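Work through the following exercises with the sequence and the coordinates at hand. Each task is followed by a solution in steps.

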Amino acid sequence: MEKLTYHMSIILFSDQKCFGPGPMKLLRGVEKTGSLHQSADELGMAYSKAWKIIKEMENSLGFPLLLRKAGGAHGGGSSITPKGKIFLEKYEELVNSIEKFGTEIFQKIFDEKFFEEINK
């Protein structure tokens, strides 16, 4: 038997799905590029879909995630709001904590003893 691994995806809900790995990547992309449009492009997502995701998250969470600067001669852009940064950091803290705990449990349950028993 090849080595087993696992994968978890942490999704937050209010009255509906409001945040998960995809939106996290979208916001981290905005942080990196200064642009929702560019972040969406890098994820292979239409700008209109990215905009819709941001608006739905903001409505569910009750606070803005992005500051938007309209285009013009010097171009526009987006940045994460202070509340958005705190939220993103807390989400990543939750994911890292759950993954650490999950890895410990996974290794405990699927240890060498398990494989010895299953291969008898």
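Two strands pair if DSSP finds at least two bridges between them. The model used here is a predicted one.

**Exercise 1.** Determine how many bridges join strand β3 to β4, and in which direction the two strands run.

Solution. Step 1: strand β3 covers residues 66-69. Step 2: 4 bridges join β3 to β4, and the two run antiparallel. Step 3: as one example of a partner, Leu66 is bridged to Ile80 in β4. Step 4: Ile80 lies on the covered face of β4 together with Ser78, while Gly77 and Ser79 make up the uncovered face.

**Exercise 2.** Compare the reach of helix α4 with the expected value, then list its buried residues and what they pack against.

Solution. Step 1: α4 spans residues 82-109, which is 28 residues. Step 2: from first to last C-alpha the helix reaches 40 Å, close to the 40 Å expected at 1.5 Å a residue. Step 3: the buried residues of α4 are Gly84, Phe87, Leu88, Tyr91, Val95, Gly102 and Phe106. Step 4: these buried residues pack against β1, β2, α1, α3 and β4.

**Exercise 3.** Classify Ser97 as buried, partly exposed or exposed, and find what its side chain reaches.

Solution. Step 1: Ser97 is located in helix α4. Step 3: the Ser97 side chain reaches the backbone oxygen of Glu93 at 2.9 Å. Step 4: Thr81 is 16 residues from Ser97 along the chain, and their C-alpha atoms are separated by 24 Å.

Methods. Residues numbered from 1 in each chain as written. Predicted model: local features only at pLDDT ≥ 70, side-chain atom pairs only at ≥ 80, totals over all residues. Heavy atoms only, no water. Expected span 1.5 Å × (residues − 1). Buried < 20%, exposed > 50% of the residue type's maximum accessible area, 1.4 Å probe, protein only. Contact = heavy atoms within 4.5 Å. Polar contact = N/O pair within 3.5 Å; in protein donor to acceptor, adjacent residues only side chain to side chain.
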